[in-house]
Amino acid sequence: MSDLTPMMRQYLEIKSDHPDSILFFRLGDFYEMFLDDAVKASRILDITLTSRGKGGDGADVPLCGVPYHSAAPYIAKLVEAGEKVAICEQVEDPKTAKGIVKRQVVKVVTPGLVVEAESLSPKENNFLLSLVRGDGDRWGVAYLDISTGEFRVTEVDGNDAAWGEVACANPREILLPESFRESLSSVSRGDLLADRTFTYVDDWVYDQDYTERLIRNHFGVASPDALGCEGFVEGVRAAAAILHYLQETQKGKVDHIRELSAYRTQEFMVLDESTRRNLELTSTLSEGKKRGSLLGLLDRTATAMGGRKLRQWISYPLVSIEKIKERQDAVGELAGDPGLRAGIREALDGVYDLERLNGRISLASSGAKDLVALKMSLLRIPPLLALLGPAQSSMLQELRGGIDPLHEVADLIGRGIVDDPPFVLREGGIIADGYHAELDELRAISREGKGFIARLEAKEKARTGITSLKIRYNKVFGYYIEVTKSNLAAIPDDYIRRQTLANAERFITPELKEYEEKVLGAEERIVDLEYSLFQQIRQCVAAEGERLARTADRIATLDVLASLADVAHERNYCRPLVDDSDILSISEGRHPVVEALNVSERFVPNDLLLDNNEHQVVIITGPNMAGKSTFMRQVALIVLMAQLGSFVPATEARIGVVDRIFTRVGASDNLARGQSTFMVEMMETAAILRNATPKSLVVLDEIGRGTSTFDGVSIAWAVAEYLHDTDRCAAKTLFATHYHELTELAVTRSKIKNCNVAVKEWNDQVIFLRKIVEGGASHSYGIQVGRLAGLPAEVVERAKEILHNLETGEYAEGGVPRIAKGKRGVAPKASPQLSLFEQGEDLLRKRLSGLNISSLTPLEALNILDELKRMV
Ligand SMILES: Nc1ncnc2c1ncn2[C@@H]1O[C@H](COP(=O)(O)OP(=O)(O)OP(=O)(O)O)[C@@H](O)[C@H]1O
């Protein structure tokens with residue numbers, strides 16, 4: 001340290017407190033980065049890396065920097081790349097500082113704690129999630145969106161459920177105890193961990209006394225129980241770790257986090273991570289896009305808040321029949337009233353993201369434009385409330401009563417701030433005329449002063465007779481009179497020379513300076529006064545943050561209800577009867593997304609009945625491409641839509657509330673997790689058998705496909721039997737399979753039924769009818785589907801030949817199919833060829849012992865010898 005410059009010493013001291021952040025070290029008009037930070041940042045930001053001397057041992061120090069006034073996009077880019085940025089400012093005036101200027105980190109921007117609008121996507125939350133594991137595999141999960149103030153906490157049992165919550169919140173940054181660092185690498189959840197920043201917090205932070213105290217102090221409650229956290233020991237630890245992290249990074253500016261909303265996973269339908277993915281709830285499997293997902297279909301929300309709330313409703317379908325019915329009533333009322341819907345949409349179209357505006361206002365990072373946006377949004381509320389006046393359904397009535405137009409806030413901003421204020425806050429032009437008497441006076445002086453200058457210029461021109469005389473202004477000299485060299489003879493005595501240029505001279509007069517002082521003084525004071533008035537207004541608005549947050553939440557709810565109603569009306573959905581029966585019956589159900597996106601083929605509706613009696617397990621057979629997966633997904637989606645309060649694509653539906661939906665669909669490629677497809681399939685199946693209940697809906701698509709046929713059939717069979725026979729997990733089950741053997745189960749098991757997707761054979765072609773009918777399928781039509789998919793004709797023909805052999809029982813001794821090649825189209829009877837499945841010496845021996853040498857011609861003998869040679 002001793003041979004470092006004092007500034008470098010100060011830098012290293014501050015940096016040592018922020019080892020995992022890139023330190024933006026304020027030096028005059030720049031933020032500078034040094035050493036490893038500089039190397040990393042220059043690469044990410046694509047800016048020049050330079051160096052300067054006087055690091056340790058006189059070595060050169062790598063260095064790069066960005067201008068302070070345009071740092072925001074650079075910070076955003078680093079954070080986007082998953083880095084944290086610690087902003088270190090000069091905290092005393094360099095002019096008055098003795099020795100080196102004092103510097104301090106004033107804020108750490110991290111991927112999970114971003115508030116700048118440019119770095120956020122409007123219809124998605126940006127969560128910081130905290131995860132902690134307690135005794136007995138109980139996990140605390142808490143997550144916060146600092147930009148909106150939304151803060152949620154829960155507790156779950158087991159690894160799977162905990163990571164399920166992570167998948168659902170989809171956080172940008174995850175906080176974990178330091179002691180978890182090692183074990184995280186063994187969590188085989190590659191795709192879940194990708195693209196997230198991990199932050200490790202000292203273990204002592206999770207101390208129970210400390211965490212409870214943090215919660216009590218922050219929320220001003222006597223105990224975390226007052227926030228609905230009864231029994232949430234781990235949840236409280238997880239939530240408090242977030243508060244601790246906020247204190248460290250935001251340096252105290254977190255007043256707008258006023259609520260912690262505790263929820264229990266039992267209050268919602270449980271959807272594990274793979275089910276969310278498989279059902280393409282918020283993004284598609286193939287491209288990860290919103291378009292093509294259920295969210296993409298249902299999202300007609302007008303506001304960003306509504307968009308985020310709908311995402312949440314889809315992620316957390318309800319199980320309370322009462323609450324589901326409340327939502328249905330509101331959706332029904334809106335769906336039946338196009339005028340009301342259109343009116344709501346029109347009003348909401350002008351509403352900005354109130355939650356994020358509120359967040360920025362509370363964090364004092366909002367500009368004047370944010371306040372104007374808030375005002376414009378609030379002005380939309382009175383007409384909205386008028387529209388809701390006659391509403392009948394309880395939820396709409398509650399919203400009408402609860403949406404607060406915050407008149408005085410809108411009024412304050414309206415009176416205080418001009419309609420189109422500038423982006424910068426410190427150059428004036430923000431505060432409206434008539435808001436503040438002193439400001440008005442100063443403005444008058446400034447205006448008058450400017451007029452005076454113009455008048456003075458005219459007067460001096462007349463007095464001197466110099467028509468080219470000009471009164472100008474610059475920052476160094478203030479106002480001055482400029483006279484060209486050729487006119488110098490005409491200047492009066494009272495002109496005082498200030499500066500000589502090549503072909504002009506500049507002068508001042510006492511009169512000019514007197515006015516200058518008045519005008520410039522006024523302008524300086526105007527700028528200062530405007531800024532402090534703006535801050536006052538912002539503080540007044542911030543003080544109403546809680547009311548604003550509640551109103552924002554209700555507007556979001558209204559937006560979601562109107563969006564669901566819009567889709568229900570346009571797509572002709574029906575209101576499902578949701579009750580606590582064991583019945584799941586759907587008439588003419590459709591797949592909501594396939595129906596909407598696949599306009600080239602008319603969607604064929606299908607019925608379904610599942611219950612816990614005769615129709616507990618329905619085995620669906622049918623050719624590839626017939627529509628099995630589509631049908632099963634459509635059932636799962638209809639149930640999910642019903643429980644989130646939406647109407648459903650069917651003519652009639654009765655949905656006995658489901659506690660969980662499990663899916664094991666297709667061969668999802670999980671290479672990112674380093675697990676084989678079959679392994680994942682079996683793990684998911686095991687989890688289903690462990691966790692399903694009679695209230696669950698299980699969707700199994702071709703389980704066992706990832707292994708050999710016999711293993712596959714055996715596993716599929718045993719799984720179906722288990723789901724049928726075991727009371728604890730006798731879930732309503734849809735089971736699609738290519739193994740026709742499974743249709744036999746219906747003979748011995750009373751609650752298993754068969755159905756298949758009908759196809760028609762015509763001229764050796766299959767026509768998909770897309771209709772689910774009772775009974776098992778007789779054919780797979782795999783070869784025909786292969787032909788449709790463009791397999792070469794030779795392969796198709798050969799496959800048919802092999803199929804024929806298999807079907808006519810051409811088996812070798814061990815019961816293994818004999819796959820012979822004969823004349824095309826004709827299955828050979830007793831083939832001299834050998835089974836592909838026999839091996840090595842046995843083959844030779846058998847072939848030899850079967851020969852009758854006395855009846856062979858020499859040519860035949862030679863041919864056989866050649867054949868034997870090739871077998872070795
Ligand atoms: N009821 C329907 N009406 C119209 N088109 C449908 C219907 N069901 C499915 N389809 C269309 O048929 C195609 C195949 O459906 P799906 O993937 O469900 O078949 P599958 O039987 O599961 O096939 P595989 O066994 O190969 O997975 C889909 O692209 C879908 O668009």
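Q: What should I know about numbering and cut-offs?
A: Residues count from 1 along each chain as its sequence is written. The model is predicted, with local features needing pLDDT of at least 70 and side-chain atom pairs counting only at pLDDT 80 or more, while totals for chains, interfaces and linings use all residues.

Q: At what angle do α18 and α20 pack?
A: Helix α18 (residues 407-416) and helix α20 (residues 510-543) pack at about 170°, their axes 10 Å apart; helices (H or I, at least four residues) and strands (E, at least two) are DSSP runs numbered from the N terminus, and axes are lines fitted to C-alpha atoms, for helices over the stretch in contact, with angles running from 0 to 180 degrees between N-to-C directions. α18 is therefore roughly antiparallel to α20, a term for angles over 145 degrees.

Q: Which residues of α18 and α20 make the contact?
A: V409, L412, I413 and G416 of α18 meet L533, I537, C540 and V541 of α20, where contact means C-beta atoms, placed from the backbone, within 7 Å.

Q: Switching to the sheet, what is the strand order?
A: The open sheet has four strands in the order β14-β15-β17-β16, with antiparallel pairing, and two strands pair if DSSP finds at least two bridges between them. At its edges are β14 (470-474) and β16 (496-500), each pairing on one side only.

Q: How many bridges join β14 to β15?
A: Five bridges join β14 to β15 (residues 478-484), and K470 has E482 in β15 as its bridge partner.

Q: And which strands does α20 lie across?
A: α20 lies across β15 and β17 (504-508), running at about 140° to β15.

Methods
Angles under 35 degrees count as roughly parallel, over 145 as roughly antiparallel, 65 to 115 as roughly perpendicular and the rest as oblique. Two residues are in contact if their C-beta atoms, placed from the backbone, lie within 7 Å.
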